[in-house]
Amino acid sequence: MDLFRKAILHPGPPQDFALQTVQQAIKPQKQVKLVQDENQLLENILRTLLQELVSAAVQSGEEIMQYGQPIDDGDICRGQIPRLLDIVLYLCEKEHIEGGMIFQLLEDLNEMSTMRNCKDVFGYIESKQDILGKPELFARGKLVMLRTCNQLLRRLSKANDVVFCGRIIMFLAHFFPLSERSAVNIKGVFNTSNETKYEKEAPDGSSIDFNFYKTIWSLQEFFSNPGSLTPALTKWQKFSSSLTVVLNTFEAQPLSDEEGSAINLEDEGSNFSIKYLTSSNLMGLELKDPSFRRHVLVQCLILFDYLKAPGKNDKDMPSDTLKEEIKTCEERAKKLLEMMPPKGKEFLRSIEHILERERNWVWWKRDGCPPFEKQPIEKKLAQETGRKRRPRWRMGNKELSQLWKWADQNPNALTDPERVGTPAIMDYWKPLAEDMDESAGIEEEYHHKNNRVYCWKGLRFSARQDLEGFSRFTEHGIEGVVPLEILPAEVRSKKYQAKQADRSKRAKKDDTRGSLQQVEESQSATPPANEIDMDGSRNENEGSGAGGESDGMMALSVDVSQGDTTATPDEHQKQSSDGDGDGDGLEAGQIEAEVGMSNSIVDGEMDAEVDLDVVA
């Protein structure tokens, strides 16, 4: 401690002797920077020395910041306590000691000083604001400095020390960044302690409307705490009815231009008013004052803007009915401000601009107060700047641009028929045919049939060049489109032999059914024999000529053992003559029986083949 007492009295700047004094007093392990235990030891020494100097200054009756023999510090002469603070501030700035030590000493000094001495201490803080605000010091001591300033504000009188309070608030605004959360009212807490007291009972001999007096001053209760209006519906109804009375009175008693011109807006005193007096005797004069009316209407707009704030939760937002009432009252208040002299429109425009900025602040606080300061753009390295710029192609890429260039040079390049080369169908399907060969050993996942683009192009080629192969797609899939000539023999026999046999058998069956249907239609069109035999002679003549004129008659013969039936013209003629000789023709029931037997044979899928021939 004695070494620091001597260092305080040492003339010259602190950088000449400050570090040497610390090394002699602490004897640190490192020559430049102290460790944690050494910092704690040094802090205890300095705080003890500061307390002794303050006690000596109080006993001597001198002011704290001027106590002791003046010491020449280059340009100015300082007392012992400012000299000690300069030495510690230099060591903190150069990071020889812990950065928050200077803030701790300033807090102790303010706590040990009277309010008159605190003004001198705070003057020293203001003079070192640039150094204290450096990032390496600010990060270590910002909370200590905030606590120190708040303690000073609590000790000061808001009525008698207004200027000093303003100095402290201005210092905090400059010392802390704009995005500092500790300087922002995140939750939007209102100062409910600011109560407006007014008369509750009418005085004797009062000539004013006392009900209106209580109504207009009762609005201050809601203006000081707008958050109480949303949850309680009864409070809103009371506020709405009181506000309606005030707005009706303002509209019924408009101000003249003469009353408005009584206030000079250029005068500084006309724009500065802390609080209005609430005496009932002044109510008549206050109603004629444009500034008083503007204060009330601006408070209404601020309250409405809070109720419509975007940062609220869904349950805190007003209902649809409440929104309509707010909108109506807001429009009435704006209309009154616009019509109120002097310069009503300009005043309303300024208020709307201020409220718009306030909404931006609300959004910013709702998003968590992100920093406003943007990091500077880092300069690109020399290698990146020296790199060649990528070429910009006219048509978007190199290939299209080259093609367009050829078209400009040779207009026939895009219309030349030899430009388009469609591959032969055999060459195109050859890779898929090799995949189908099991002896090739190509795995299923590598087959060309899994490539959709390949299959789609192949189907287009087959539709143009090989319709027969294209028709096999519905039955055999994409592998069926491959021409049979390029398929291996094993694949061709295995894949198509069984299916071709089934297809031929199914075709015969379809032909058989078609023939039977034709027979039934022919028999139904032939008249019965008893209608034909009308007289003996004519029937005989018609019977003898039936062999050559029986174009409309049909004979059906079924041979199950041989599986083949053939009806010659002579046999057919004989059958016709025998039928006529017996005196009656071929009965329709017999034909139906034979047809039914044939159907049973076909439908039963007998081993013998059935051939049906129709002879005219």
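**View 1. The largest nonpolar core has 56 residues.** A nonpolar core is a set of buried Ala, Val, Leu, Ile, Met, Phe, Trp, Tyr and Cys residues joined through side-chain atoms within 4.5 Å. Residues with the most contacts inside this core include Leu-42, Ile-81, Val-88 and Met-145. Among the elements that give two or more residues to the core are helix H3 (36–60), helix H4 (80–93) and helix H8 (135–155). H4 gives the most, with 9 residues. The model is predicted: local features need pLDDT of at least 70 and side-chain atom pairs count only at pLDDT 80 or more, while totals for chains, interfaces and linings use all residues. Residues are numbered from 1 along each chain as its sequence is written, and side-chain values use heavy atoms, with hydrogens and water left out.

**View 2. Ile-169 lies in helix H9 (residues 162–175).**

**View 1. The largest nonpolar core has 56 residues.** A nonpolar core is a set of buried (under 20% relative accessible area, 1.4 Å probe, protein chains only) Ala, Val, Leu, Ile, Met, Phe, Trp, Tyr and Cys residues joined through side-chain atoms within 4.5 Å. Residues with the most contacts inside this core include Leu-42, Ile-81, Val-88 and Met-145. Among the elements that give two or more residues to the core are helix H3 (36–60) and helix H8 (135–155). H4 gives the most, with 9 residues. Helices are DSSP runs (H or I, at least four residues), numbered from the N terminus. The model is predicted: local features need pLDDT of at least 70 and side-chain atom pairs count only at pLDDT 80 or more, while totals for chains, interfaces and linings use all residues. Residues are numbered from 1 along each chain as its sequence is written, and side-chain values use heavy atoms, without hydrogens and water.

**View 2. Ile-169 lies in helix H9 (residues 162–175).**

**View 3. Met-395, Leu-400, Leu-403, Trp-404 and Trp-406 make a nonpolar surface patch of about 500 Å².** Patch residues have over 30% relative accessible area and no salt bridge; nonpolar side chains are joined within 5 Å and like charges within 9 Å. A salt bridge is a Lys or Arg side-chain nitrogen within 4 Å of an Asp or Glu carboxyl oxygen. Met-395 sits in the loop between helix H17 (382–386) and helix H18 (398–409).

**View 4. Lys-200, Lys-214, Lys-235 and Lys-238 form a positive surface patch.**

Notes. Accessible areas come from the Shrake-Rupley method with a 1.4 Å probe; for residues, only the protein chains shown count as cover. Lys and Arg count as positive and Asp and Glu as negative; His and the chain ends are not counted. The place of a charge is taken as NZ of Lys, CZ of Arg, CG of Asp or CD of Glu. Buried means under 20% relative accessible area, exposed over 50%, partly exposed in between (1.4 Å probe, protein chains only).
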